[in-house]
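Thanks for coming. I have one structure to go through today, and I will keep to the contacts.

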Amino acid sequence: MRPRAPVGDDGPAAGGAAPWVFLAPLLIFAFVFFVLPLGFSVWLSFTRWNPLGTPSWVGLRQFEYLLTRDDAFWRTILNTFVFAFGFVAIGVPLALVLAFAFSRAKGKAIWRQVYYLPQLTNIVAIAYLWQFVLDDRDGLINRGLAAIGLRGPDWLTDPTMAMISVVLVMIWYDAGKNMLIFSAALEAVDQEIYDAATLDGAGAWRTLRSVTLPIIRPAFTFATITSFITGMGFFSLILAMTGGGPRGATEVTALYTYRMAFEDLRMGRASAGALILFVIIGLLSLLQFRALRERAR
Amino acid sequence: MTVSDPVVAGETAEIAANRRLLSGGTLRRQAGGVLKYVLLTLGAGLMILPFADMFIGALRGPADVYANPPRYLPAEPQWGVYARVFAELPMGRWFANSVIVTFLITAAQVATSVTAGYALAKYEFRGRAAIFRLVVGAQMFPFFLFIIPIFFILRFVPLMGGNDIAGQGGSGLLGTYAALCLPFLVTWYGVFLMRQFFLAIPDDLMEAARLDGANEYRIFRSIMLPLVKPAIATLTLFSFVYHWNEFIWTMTVTRSAPELQTLPVGIYLLSGAFESLDQKSLQQAALAVSILPVIVVFLALQRLFVASDFASGVK
């Protein structure tokens, strides 16, 4: 036999320097735009820095201020939770229901395209389109309600309604993405499994519970956790739609820290705030992952 | 399905019982089917409603908005509004910037994803597992964490944009196309997607080509790359959509550089100019222009697009 290049257990063979050449862009990028910014961010959070001057080391003072003295910070954390939980709790099950409905519907490709439409649209347009539709006086919805003699709510100017509005728009915007994830998972289920369940006398509900749901559970876990992470850090919609108002009612932490950095020029405190939010997201994602995996057993 | 199958000799009593059970529920199921389509149609209407509202609103003229009560449907559709957005707003500039930035980023993301995904799937080397963990793990880091540090990393690039060797004194790469593109040259998700696709391709192809004396780069270019074209199409489409629509980062670095603004950023930062009632139609027309290219490209490319590719991150 001819000598061959050494082959590993699971197949891939060594190719000398080639893999490193192929990976070079990724490695450079990972250093400059991942490792370096994370390190910089952590370092900044221990400083006070207005970018016109030089950073001065203040230790844990920024964290201490945000966590113990800044009421606005805690209010934004609460808003972030309301926004993310509302979005996940309604949005993910809704996407699952849609995927189910499409999976046996006629013309499913067209249904999917229609429900995917918002995902193709830039977030500024999403925000402004809904501003027009929800406008207190001239919006389509309140005009419609007025036509049947009802007085519509102040969708964007009432503090409670404004939060409900941005959550609903977020659900509307994101439904198509999770729907695709669930559709793909449902399509991977073999029709024969359904036929077998039917032959065994399982009704529709029982088939759903005992066959379909266990098979798509990984997709459900994936969609829940990624949506949660998205929801906790998402602020572009709110920035363009309500600007965090009215009276801070929709100001989420990511938006709060963004403004702290680029409007108030407090880079150290903003970095600390972003890190706190990141740690909260990380811990909660881990908990969710554990919980969803436990239930699978 | 099974209900309509021809009767098979020797059918068990159990199956026959099931069949009776199923036909008993037929009426209810039909009613449920109709209800499903009614609900799906209502939902579809809700998906389209804001877009329809925008197209109608763009066509309203001053005569409609100042009428008492204001008219929802324009009495005379003002089609000229689409010419006006290009004449009265820097739409051409925004549009060109959107095209340039989206094209550069998409091309770079496809190139870096294909090469890195290939290396992670098809070679065995020290550190492969660690790099793969980085690719998976990095996807978990939300973007808001990077805005401040990357902004200043670009600001302090030595010897660029008037900076001295220590990165002080000038504006670095801020205010250049590089600032818009560099932070997006690699997409962790894209690398992951490409790796999954290359894993599915048998190693024998590489081995055979090696025995024929082909070098590693030729194997990649001539043999492996053509085999993942569908995945490349999917990634291209996703990168295009994402970066045509990208807002926060571009807004952050072009706030004071109007000549670099893209469509969403330009429309957002100019929103103060649309306060007056008869300017709303201009804003709605501008939004329509920002949305349409994506929908056209998506519909043109969607036959290449496989939903299951997108969801392959699930497994």
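I will start with charged side chains in chain A. A:Arg75, A:Glu251, A:Arg259 and A:Glu263 are joined in a network of salt bridges. Keep in mind throughout that this is a predicted model. A:Glu263 is partly exposed, at a relative accessible area of 48%.

As background, side chains of opposite charge can pair when their charged atoms come close.

How many salt bridges does a search of the whole structure find? Over all chains, the count is 13.

Two of them in chain B are worth a look. B:Asp203 forms a salt bridge with B:Lys122, with 2.8 Å between the closest N and O atoms. B:Asp203 sits in the loop between helix H9 (188–199) and helix H10 (204–211) of chain B, while B:Lys122 belongs to helix H5 (residues 91–122) of that chain, so the pair ties together parts that are 81 residues apart in sequence. Are these two residues buried or exposed? Both B:Asp203 and B:Lys122 are buried.

The other one joins the side chains of B:Arg210 and B:Glu207, at 3.3 Å from N to O. This pair is local: B:Arg210 and B:Glu207 are three residues apart in helix H10 of chain B, so about one helical turn separates them. B:Arg210 has a relative accessible area of 16%, and because buried means under 20%, B:Arg210 counts as buried. B:Glu207 is buried as well, with a relative accessible area of 16%.

Now the interface. On the chain B side, 98 residues are in contact with 92 residues of chain A. The two chains bury about 8,500 Å² between them, and 78% of that is on carbon and sulfur atoms. Three residues, B:Met47, B:Phe144 and B:Ile148, supply 8% of the area that chain B buries against chain A, more than any other three residues.

How many salt bridges cross between chain B and chain A? The rule finds zero. What the rule does find across this interface is twelve residue pairs in polar contact, with both residues at pLDDT 80 or more. Helix H2 (residues 26–58) of chain B gives the most to the side that touches chain A, with 15 residues. By residue type, the side of chain B that touches chain A divides into 72 nonpolar, 14 polar and twelve charged.

A:Ser41 is in helix H1 (residues 18–44) of chain A. A:Ser41 is buried, at 2% relative accessibility. Leaving aside neighbours within four places in sequence, A:Ser41 contacts A:Ser271 and A:Leu275 in chain A, and B:Leu145 and B:Pro149 in chain B.

Last, the aromatics. The whole structure has 42 aromatic pairs over all chains. In one of them, the rings of A:Phe29 and B:Trp188 have centres 5.9 Å apart and planes at 65 degrees, so the pair is edge-to-face. A:Phe29 lies in helix H1 of chain A and B:Trp188 in helix H9 of chain B, so this pair joins two chains. A:Phe29 is buried at 7% relative accessible area, and B:Trp188 is buried at 11%.

Which cluster do they belong to? A:Phe29 and B:Trp188 share one aromatic cluster with A:Phe33, A:Phe34, A:Phe278, B:Phe141 and B:Phe146.

That is what I have.

Note on methods
Residues are numbered from 1 along each chain as its sequence is written. Chains are lettered from A and ligands numbered from 1 in the order in which they are written. This is a predicted model: local features need pLDDT of at least 70, side-chain atom pairs count only at pLDDT 80 or more; totals for chains, interfaces and linings use all residues. Side-chain values use heavy atoms; hydrogens and water are left out. Contact means heavy atoms within 4.5 Å. Buried area is the accessible area (1.4 Å probe) that two parts lose on being put together, summed over both. A salt bridge is a side-chain nitrogen of Lys or Arg within 4 Å of a carboxyl oxygen of Asp or Glu. A polar contact is a pair of N or O atoms within 3.5 Å; within protein, one must be able to donate a hydrogen and the other to accept it, and residues adjacent in sequence count only if both atoms are side-chain atoms. Helices (H or I, at least four residues) and strands (E, at least two) are DSSP runs, numbered from the N terminus. Ala, Val, Leu, Ile, Met, Phe, Trp, Tyr, Cys and Pro count as nonpolar, Asp, Glu, Lys and Arg as charged, and the others, Gly among them, as polar. Buried means under 20% relative accessible area, exposed over 50%, partly exposed in between (1.4 Å probe, protein chains only). Rings of Phe, Tyr and Trp (its six-membered ring) pair if their centres lie within 6.5 Å; planes under 30 degrees apart count as stacked, over 60 as edge-to-face and the rest as tilted.
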